[in-house]
Amino acid sequence: MTYLIANWKSHKTIVEAQHWLDEFSAPPHPDINLILAPPFPHLTALKQAASSHGLSLAAQDISPFPDGAYTGAVSARQLEGLVEYVLLGHSERRRYFHETHQDVANKVAQALSVNLTPIVCIDQPYLSAQLSAIEPVYWPHLIVAYEPLSAIGTGDPEDPSRANTVARQVKDILSVDVPVIYGGSATSDNIGTFFSQPALAGALIGQSSLDPHTFADLVKSSL
């Protein structure tokens, strides 16, 4: 199974999100799991429409804590039954919100406690430390997204063979054949080169997912 994930980040009102789904059209494929990660406020409203388009839902983050007195936080249990996946440790969360490796590891534990699949974002040169902070018992249940900082939002993607090498390093560190996907300036023009790499299992798409037609073209280029 390969994964293609649309991460809208902090974009779109609910009206704009619904318009995106109205305009999005891509042929289903049994080997590609399409996942949409909209902002928190849109998850409930988009669930049915996303499913009708063959899209699974992911949250963009969760709290490292369980239910409790944590004002402003969204616990994993509150998302149970609403989403199947959750993005964790995105470089923007680590940079702007000062999330530590241990914060991300705690979120992994919370996600898996309610059977949400963690999509854990990592980068060189911190790859080993980021992964090692996570309890080994959780490793087989991860999807790992390799996001080189030099490629995110720059229009200058990583060399696909280099991304493939990092994917192999991830599998070696974890000693588990987890899905490893690539994120960073992937477009319909270059996505095929990443999907052709044997150790890569898909892509995490940011900017190119904001327009429904652009993302549909990217999906079609992945088939």
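Tutor: Let us begin with R93, which counts as partly exposed because its relative accessibility is 23%. Partly exposed lies between buried, under 20% relative accessible area, and exposed, over 50% (1.4 Å probe, protein chains only). The model is a predicted one, in which local features need pLDDT of at least 70 and side-chain atom pairs count only at pLDDT 80 or more, while totals for chains, interfaces and linings use all residues. Residues are numbered from 1 along each chain as its sequence is written, and side-chain values use heavy atoms, with hydrogens and water left out.

Student: What makes the pair E99 and R93 a salt bridge?

Tutor: A salt bridge requires a side-chain nitrogen of Lys or Arg within 4 Å of a carboxyl oxygen of Asp or Glu. The side chains of E99 and R93 meet at 2.9 Å, N to O, and the pair is therefore called a salt bridge. E99 itself is buried, because its relative accessible area is 10%.

Student: Which residues are linked with R93 and E99 in a network of salt bridges?

Tutor: The network links D61, R93, E99 and K107. Within it, the side chains of K107 and D61 meet at 2.7 Å, N to O. This pair links distant parts of the chain, 46 residues apart: K107 belongs to helix α5 (residues 101–113), and D61 to the loop between β3 and α3. Helices (H or I, at least four residues) and strands (E, at least two) are DSSP runs, numbered from the N terminus.

Student: Why are K107 and D61 called buried?

Tutor: K107 has 3% relative accessibility, so K107 counts as buried. D61, at 9%, is likewise counted as buried.

Student: What makes the approach of D61 to R93 a polar contact?

Tutor: A polar contact is a pair of N or O atoms within 3.5 Å; within protein, one must be able to donate a hydrogen and the other to accept it, and residues adjacent in sequence count only if both atoms are side-chain atoms. The side chains of D61 and R93 lie 3.2 Å apart, and the term therefore applies. Leaving aside neighbours within four places in sequence, D61 is in contact (heavy atoms within 4.5 Å) with residues including F40, L79 and V86.

Student: How do you know that the buried residues of α2 lie on the same side?

Tutor: The buried residues of helix α2 (residues 43–52) are L43, L46 and A50. They cover an arc of only 70° around the axis, and therefore lie on the same side of α2. The arc is that of the directions from the helix axis to the C-beta atoms. An α-helix has 3.6 residues a turn, so residues three or four places apart point the same way. On the other side of α2, T44, Q48, S51 and S52 are exposed. The cover over the buried residues of α2 includes α1 (14–23), β3 (55–59) and α3 (76–79).

Student: What makes β4 and β5 a pair?

Tutor: Two strands pair if DSSP finds at least two bridges between them. Strand β4 (residues 85–88) and strand β5 (residues 117–122) have four bridges, in the parallel sense, and therefore pair.
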